[in-house]
Amino acid sequence: MKLTFAPQEDAAAGGPIGVLCFSGDLPTSVAGFARERGHDVFIIAFRGFASRAVEGFPHTWVKLGQLGRLFRVMRGRSIRRIVIVGALTRPHLRDLSLDWKGLRDIPSILRTLRAGGDDSVLRSAVRYFEDHGLQVMAVSDVAPELLAAEGQLGAIAPDAKELSNLRIGMGVLDALSSFDAGQACVVLDGRPVAIEGAEGTDGMIVRVSELRANGRLRVSGPRGVLVKAAKRGQDLRVDLPTIGPRTIELAAKAQLAGVAIEAGKSLIAEREACLALADRLGLFVLGVARG
């Protein structure tokens with residue numbers, strides 16, 4: 001028997017918001033802003049992914065695959081609306097701690113894990129929760145303050161050369177959208193030199209640092225731009241492009257000139273700290289309207 005909740009139209013009326021937390025600093029930022037906006041927030045933190053910072057909020061811990069426990073917690077707290085936040089590497093079935101409901105839902109789980117690219121997997125996960133009567137909300141619904149605005153976001157402005165680089169980067173990401181590939185690339189001197197793959201954005205930036213260190217990229221001084229944007233047709237309720245202080249640190253180590261992110265569809269974790277660090281390290285941060 002499937003555990004179900006009230007229909008989604010009833011869920012929209014209000015009530016507590018369940019924040020399903022995975023890795024990174026973004027989940028607690030979302031929970032904090034949501035609480036400041038008057039939402040009743042309860043965090044469901046996944047062991048092995050979420051940080052201890054969630055303990056500053058009403059919370060519980062679950063293991064990935066404990067679907068019965070997950071739904072019991074939400075039913076017990078009358079949670080009918082959820083937001084899914086944080087980084088999650090696609091798990092293998094053997095990595096899941098399946099309880100009885102998880103075992104019964106193995107066909108759905110397998111369909112989700114085999115759904116294709118990351119965006120396809122996330123859309124399948126959203127459908128799974130919606131099929132159980134839950135409303136899946138976007139981060140922008142509960143914490144719009146985290147969305148990047150359009151224009152220069154820090155104290156440093158890009159020059160004409162870097163503006164040209166970011167336009168090329170946006171074109172690259174547009175071309176990749178239909179392949180459900182990564183959300184980021186690095187463009188240097190008018191040439192895409194790195195495209196995000198399975199290693200994620202941080203790993204891609206580290207790769208650029210290595211290319212400069214070993215002489216494969218023969219350039220000197222701060223040059224090039226990291227470009228991040230949502231995929232065309234992406235479900236904006238999950239996996240929005242995100243930068244934070246760690247992104248800025250790695251971009252500086254790779255001697256990039258700055259970071260450009262899609263305005264209104266990208267998130268800045270720890271916004272004040274992120275932009276202050278960019279100013280200190282000499283990087284521009286720009287919110288760019290698509291097209």
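Select Asp105 and Lys101 to begin: both are buried, where buried means under 20% relative accessible area, exposed over 50% and partly exposed in between, with a 1.4 Å probe and protein chains only. Asp105 and Lys101 form a salt bridge whose closest N and O atoms are 2.9 Å apart, the term standing for a side-chain nitrogen of Lys or Arg within 4 Å of a carboxyl oxygen of Asp or Glu.

This is a predicted model, in which local features need pLDDT of at least 70 and side-chain atom pairs count only at pLDDT 80 or more, while totals for chains, interfaces and linings use all residues. Residues are numbered from 1 along each chain as its sequence is written, and side-chain values use heavy atoms, with hydrogens and water left out.

Next, select Arg237 and Glu130, whose side chains meet in a salt bridge at 2.7 Å, N to O. This pair links distant parts of the chain, 107 residues apart, with Arg237 in the loop between strand 9 (225-228) and strand 10 (242-243) and Glu130 in helix 6 (residues 118-131); helices (H or I, at least four residues) and strands (E, at least two) are DSSP runs numbered from the N terminus. Arg237 is partly exposed at 23% relative accessible area, and Glu130 is partly exposed at 22%.

Finally, turn to the open sheet of six strands, ordered 6-13-11-9-7-8 with mixed pairing, where two strands pair if DSSP finds at least two bridges between them. Strand 6 (151-152) and strand 8 (191-195) stand at the edges, each with a single partner strand, so one side of each has no neighbour in the sheet.
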